[in-house]
Amino acid sequence: MKKNEQLRRELGSLNRELKTGSIVCLDCGSKAIGYSMPESNVAFDITTQDMRQEILRTIDYKIDDYVGEVERLEKEIRELQIRFNALAETREISLIDIISVKDDYGNLEEMDRELTAIIDEIEDIDKKLEFSKNVDAELRKDRNDFMRKVLISMNHLREVVNDGIETEDYDDLFTTNNKPYTGSEATEFYLARVYSLAKHVKHQLPIVIDSFRAEELSTRREDLALPLYEELQNQVILSATLKGQEAGKYDERTDVHSIDFSGYAVNHLLSEDYVEQFMRKLESFNVKLNVK
């Protein structure tokens with residue numbers, strides 16, 4: 001009965017939508033979730049809500065059967081106890097009686113010890129389950145608090161980049177099929193998410209955005225977004241393809257280390273004439289390539 005109750009809780013926990021993505025099989029990529037009956041080769045697809053509910057109802061029926069069986073056995077035990085007490089009161093127990101039931105009594109004592117141990121184990125498991133529920137509730141609260149902070153920072157960047165113009169708030173870390181972002185809005189969304197996660201996760205990894213100026217992000221919005229990225233302690237690498245009239249656009253900025261690759265010859269780094277020079281440069285970083 002306890003195992004079925006635990007199984008019901010586990011299956012019940014799947015009864016929710018994952019707004020931030022999908023559960024998939026790492027081997028085949030399928031989104032289907034299956035439940036296999038114990039000691040059976042039959043597996044049921046529990047991906048759909050209807051199938052999960054059907055299986056949960058079946059488990060409920062089994063739990064009810066176990067409850068009825070437990071109640072029946074408890075009633076039987078009480079009746080036998082009453083009969084035993086009545087026999088003990090109305091009949092003198094002889095030495096022969098004691099000897100004849102000695103072995104059975106010893107077995108009953110062993111069974112009683114095992115039953116007590118099992119009851120203690122069940123109580124211990126119940127306590128652990130209760131503790132797990134409390135931990136899960138705390139983690140759920142922490143996740144919600146973290147998501148709230150991330151979205152606040154994302155919406156802050158969007159407000160700053162749009163220079164106070166009223167915009168719709170972001171309400172999730174991911175876009176959906178019925179609410180995609182396109183053009184400059186897609187670039188803003190990506191910038192907001194990368195900025196907010198770096199700020200709240202506090203990872204030390206470099207931030208690489210390719211391309212920073214994609215999807216028609218205006219110069220004004222660039223100028224408003226860059227100071228926010230300067231607040232981060234991470235190394236920030238932004239790549240951009242500039243139009244001809246925008247050449248040297250970042251040269252005068254003291255807060256940006258601009259590297260212009262427009263003057264580099266095509267395939268310059270792959271030319272055989274520079275292989276030895278390239279190998280020496282790699283060795284200065286303790287990198288050695290085994291090439292002929």
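Buried means under 20% relative accessible area, exposed means over 50%, and partly exposed lies in between, with a 1.4 Å probe and protein chains only. By that scale Lys249 is partly exposed at 23% relative accessibility.

The model is predicted: local features need pLDDT of at least 70, side-chain atom pairs count only at pLDDT 80 or more, and totals for chains, interfaces and linings use all residues. Residues are numbered from 1 along each chain as its sequence is written, and side-chain values use heavy atoms, with hydrogens and water left out.

**Salt bridges**

A salt bridge here is a side-chain nitrogen of Lys or Arg within 4 Å of a carboxyl oxygen of Asp or Glu. The whole structure holds 14 of them. Helices (H or I, at least four residues) and strands (E, at least two) are DSSP runs, numbered from the N terminus.

| Pair | Closest N to O |
|---|---|
| Lys2 and Asp126 | 3.7 Å |
| Glu69 and Arg72 | 2.6 Å |

Lys2 and Asp126 join distant parts of the chain. Lys2 sits in helix α1 (residues 2–12) and Asp126 in helix α4 (residues 102–161), 124 residues apart. Lys2 is partly exposed, at 38% relative accessible area. Asp126 is partly exposed too, at 32%.

Lys249 and Glu222 also link distant parts of the chain. Lys249 lies in the loop between β4 (236–239) and α7 (275–283), while Glu222 belongs to helix α6 (residues 219–230). The two are 27 residues apart. Is Glu222 buried or exposed? Glu222 counts as buried, at 0% relative accessibility.

Glu69 and Arg72 are a local pair within helix α2 (residues 49–90). They stand 3 residues apart, about one turn of the helix. An α-helix has 3.6 residues a turn, so residues three or four places apart point the same way. Glu69 is partly exposed at 35%, and Arg72 is partly exposed at 40%. Shared partners join Glu69, Arg72 and Glu76 into one salt-bridge network.

Lys202 follows the helix, with a positive phi near 60 degrees.

Rings of Phe, Tyr and Trp (its six-membered ring) pair if their centres lie within 6.5 Å; planes under 30 degrees apart count as stacked, over 60 as edge-to-face and the rest as tilted. The count comes to 4 aromatic pairs. Tyr195 and Tyr229 have ring centres 6.0 Å apart and planes at 50 degrees, so the pair is tilted. This pair links distant parts of the chain, Tyr195 in α5 and Tyr229 in α6, 34 residues apart. Both tyrosines, Tyr195 and Tyr229, are buried. Ring pairs also link Tyr170, Tyr181 and Phe189 into a cluster.

**A nonpolar surface patch**

Patches are made of residues with over 30% relative accessible area and no salt bridge: like charges are joined within 9 Å, nonpolar side chains (Val, Leu, Ile, Met, Phe, Trp, Tyr) within 5 Å. Phe278, Phe285, Val287, Leu289 and Val291 form a nonpolar patch on the surface. Together they have about 480 Å² of accessible area, computed by the Shrake-Rupley method with a 1.4 Å probe. Phe285 lies in the segment after α7. At 60% relative accessibility, Phe285 counts as exposed.
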